[in-house]
Amino acid sequence: QHYFIQSNLRAMAEEEEDQWFKRAEYSWLQSFFIKCITSGKLPEHVGFIMDGNRRYAKANSISRAESYVMGFEKIGEILDYCETFHIKNVSVYAFSIENFKRSDEEQAELFTLMFEKTRHLLTRADKLAEKGIRVKVSGNTTLFPPHITQTLAELELKTAQNSEFCLNLCLGYTARDEMTHAVRCMSEGVAAGKLRVTDINEALFGECLYTGELPPVDLLVRTSGVVRLSDYMIWQANFAALQFVKVFWPDFGFWHFVGALLDYQRQEGVLKEHKDTYRSFLEGMGRSEQAAVGHTEHCTLDSHEGCVWNEEVTQASVRGSERRREGFVEEVRRGRREQLQALAARELVVGGD
């Protein structure tokens, strides 16, 4: 049923290696712009909403499956651009939870592509290590067929020690689901006595997101001309520069990326000012809240009238809260590693349901 996409994947294997693991050659004009842009402030984390594959297929009279293959190849091209511009973290919206509403036929095409390409990357693990590329998966991957969930877990574990660059694949993802997961995670921590309600703050919430180990998104790019976020990285992109580019994802190229980076640099000063102002506000609010918590805890423990707040009490409360948060975050990350190991170790029939 999916003969075309499978044969196409095999035929493109050698070409794919060029796309993903070899540096592109840039013209003198491109090199000039690279030099100019890299002399300025660059984003640490760029997010992409890869929109327009189906419309690209229709506009170019090709099959939907072929456009998806081209869309995957475009990720390799983006990795090369980001390496060139010294951008260390890239997130791509590869499969939304909303995509499970698509037809069974289209889902099967996407699942075939996902499985074959993930397996191919596993066979190139040495190349990924050579270039220092870590592949991280953000989302509820248990929604996918077990053989895909297992292969994604294997790829994430296989590249976990690579540290030069992070490719974050958002699969089975929506921001609402991610935030619900974070709230549930913290609630379980409180119920288990590992956290206190007063320990919960924005920083802890951010650490409990799927992307907790990554920096916030600085630049968010959506292709196809559609102007909406589609439930993507809503928390992480709070202070991001937004770019809505009027080309379909397979057509997104070097000059589109240059335009997005130049616009980011134009906005960066204002965005930084907003971030710094908000950070100062949070720090001040946090100190006030922690002083109140410390005072309450001290009075409760001493159980006497006329209990007096002092700085020593506040600092002791702050240290205790920080220790609980740090311990809890480490436990969450350890639990994630153990979950990946369990998923990767499952015995499945390759290609099965």
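This is a predicted model: local features need pLDDT of at least 70, side-chain atom pairs count only at pLDDT 80 or more; totals for chains, interfaces and linings use all residues.
Me: Good to know. Which residue stands opposite Val90?

Reply: Opposite Val90 you will find Leu167, in β4.

Me: And how many bridges pair β1 with β2?

Reply: Five bridges do that, linking strand β1 (residues 45-49) to strand β2 (residues 89-96), again in the parallel sense. One place to look is Ile49, which stands opposite Tyr93 in β2.

Me: What order do the strands of the sheet follow?

Reply: The order is β3-β4-β2-β1-β5-β6, in an open sheet of six strands with parallel pairing. The edges belong to β3 (133-138) and β6 (241-244); each has a single partner strand, so one side of each has no neighbour in the sheet. On average, neighbouring strands of this sheet are turned by 20 degrees against each other, if direction is ignored.

Me: Can we zoom in on Asn168? Where is it?

Reply: Asn168 sits in strand β4.

Me: Is Asn168 buried or exposed?

Reply: Asn168 is buried, because its relative accessibility is 0% and the cut-off for buried is under 20%.

Me: What does its side chain make a polar contact with?

Reply: The side chain of Asn168 has a polar contact of 2.9 Å with that of Ser91. Beyond its neighbours within four places in sequence, Asn168 is in contact with several residues, including Val90, Val92, Lys136, Thr211 and Met233.

Me: Changing topic: how many helices does the chain have?

Reply: The chain has 12 helices, along with six strands. Its length is 353 residues, and buried residues make up 47% of them.

Me: What share of the contacts join residues at least 24 apart?

Reply: That share is 80%, taken among contacts in the chain between residues at least 6 apart in sequence.

Me: Next, the largest nonpolar core. Which residues touch the most other members?

Reply: Those are Phe48, Phe85, Phe252 and Phe257, in a core of 52 residues. Helix α5 (residues 64-84) gives the largest share of this core, with eight residues. Another core, of 12 residues, lies apart from it, and Cys170, Ala175, Val217 and Leu220 are among its members.

Me: What is Phe85 in contact with?

Reply: Leaving out neighbours within four places in sequence, the contacts of Phe85 include Ile34, Ile37, Leu42, Phe254 and Leu261.

Me: Which residues is Leu262 in contact with?

Reply: Once neighbours within four places in sequence are set aside, Leu262 is in contact with Phe33 and Ile37. Leu262 and Phe33 are 229 residues apart along the chain, and 9.9 Å separates their C-alpha atoms.

Me: Last one! What is phi of Ser224 near?

Reply: Phi of Ser224 is near 90 degrees, a positive value in a residue other than glycine. Ser224 lies in the loop between β5 (219-222) and β6, and is buried, with a relative accessible area of 11%.

Me: And what about phi of Asp231?

Reply: Phi of Asp231 is near 60 degrees, also a positive value in a residue other than glycine. You will find Asp231 in the loop between β5 and β6, where this residue counts as buried at 12% relative accessibility.

Technical notes
Residues are numbered from 1 along each chain as its sequence is written. Side-chain values use heavy atoms; hydrogens and water are left out. Two strands pair if DSSP finds at least two bridges between them. Helices (H or I, at least four residues) and strands (E, at least two) are DSSP runs, numbered from the N terminus. Axes are lines fitted to C-alpha atoms, for helices over the stretch in contact, and angles run from 0 to 180 degrees between N-to-C directions. A nonpolar core is a set of buried Ala, Val, Leu, Ile, Met, Phe, Trp, Tyr and Cys residues joined through side-chain atoms within 4.5 Å. Buried means under 20% relative accessible area, exposed over 50%, partly exposed in between (1.4 Å probe, protein chains only). Contact means heavy atoms within 4.5 Å. A polar contact is a pair of N or O atoms within 3.5 Å; within protein, one must be able to donate a hydrogen and the other to accept it, and residues adjacent in sequence count only if both atoms are side-chain atoms.
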